[in-house]
Amino acid sequence: MLEINFDFDTEGSAHEDAFLDAYELDMLFQQTSQSIRAGLERKLADVTCAEHGNAPRITITGRYDRETEQMDLNYHVDTCCQLFLVRVVKLLNNV
Ligand SMILES: [Zn+2]
């Protein structure tokens, strides 16, 4: 079973006139994680390692920088073996 984890956080100190307040940031994190999850589930539904039968584990790290007001997203994929990792990354890069 595909496992998806999110690690979202903010960095830096907020501007006086911040574009997003704490509530809006929370909404942004929720919406972003929902759309990422939907995309991953679509791409990786029922994808398991042919040799070991394991599903991938994916961790998405999102950092919202309050200085620049930009969100930085990073994907980290964990798999049982290198061969399967290559396959999962290839699937993820397919649009
Ligand atoms: Zn494997």
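What radius of gyration does the protein have, and what would a compact globule of 95 residues have? I looked this up first. The protein has 16 Å, whereas a compact globule of 95 residues would have a radius of gyration near 12 Å. I keep in mind that this is a predicted model.

Next I checked the overall extent. The C-alpha trace spans about 55 × 20 × 20 Å along the principal axes. I then looked at burial. Of the 95 residues, 6% count as buried.

I turned to the elements. I find two helices and three strands. Their order along the sequence is β-α-β-β-α. For contacts with a separation of 6 or more, I note that 65% come from residues 24 or more positions apart.

Helix H1 came next. H1 covers residues 22-44, which is 23 residues. From first C-alpha to last it reaches 32 Å, close to the expected 33 Å. Why does H1 lie largely in the open? The number of buried residues among its 23 is zero, so H1 lies largely in the open; I count a residue as buried when 20 or more other C-beta atoms lie within 10 Å of its own. After H1 I see Asp-46, with a positive phi near 60°.

Last, I went through the hairpin. Strand E2 (residues 57-65) and E3 run antiparallel, joined by nine bridges. Within this pairing, Thr-61 stands opposite Asn-74 in E3. Four residues sit between the two strands. Glu-69 in this hairpin has a positive phi near 60°. I also checked the cover on E3, residues 70-78. E3 is hardly covered: the count of buried residues among its nine is zero.

Terms used
Residues are numbered from 1 along each chain as its sequence is written. This is a predicted model: local features need pLDDT of at least 70, side-chain atom pairs count only at pLDDT 80 or more; totals for chains, interfaces and linings use all residues. The radius of gyration is taken over C-alpha atoms; the globule rule is 2.2 Å times the number of residues to the power 0.38. A residue is buried if 20 or more other C-beta atoms lie within 10 Å of its own, exposed if 12 or fewer, and partly exposed in between; C-beta atoms are placed from the backbone. Two residues are in contact if their C-beta atoms, placed from the backbone, lie within 7 Å. The expected span of a helix is 1.5 Å times one less than its number of residues. Two strands pair if DSSP finds at least two bridges between them.
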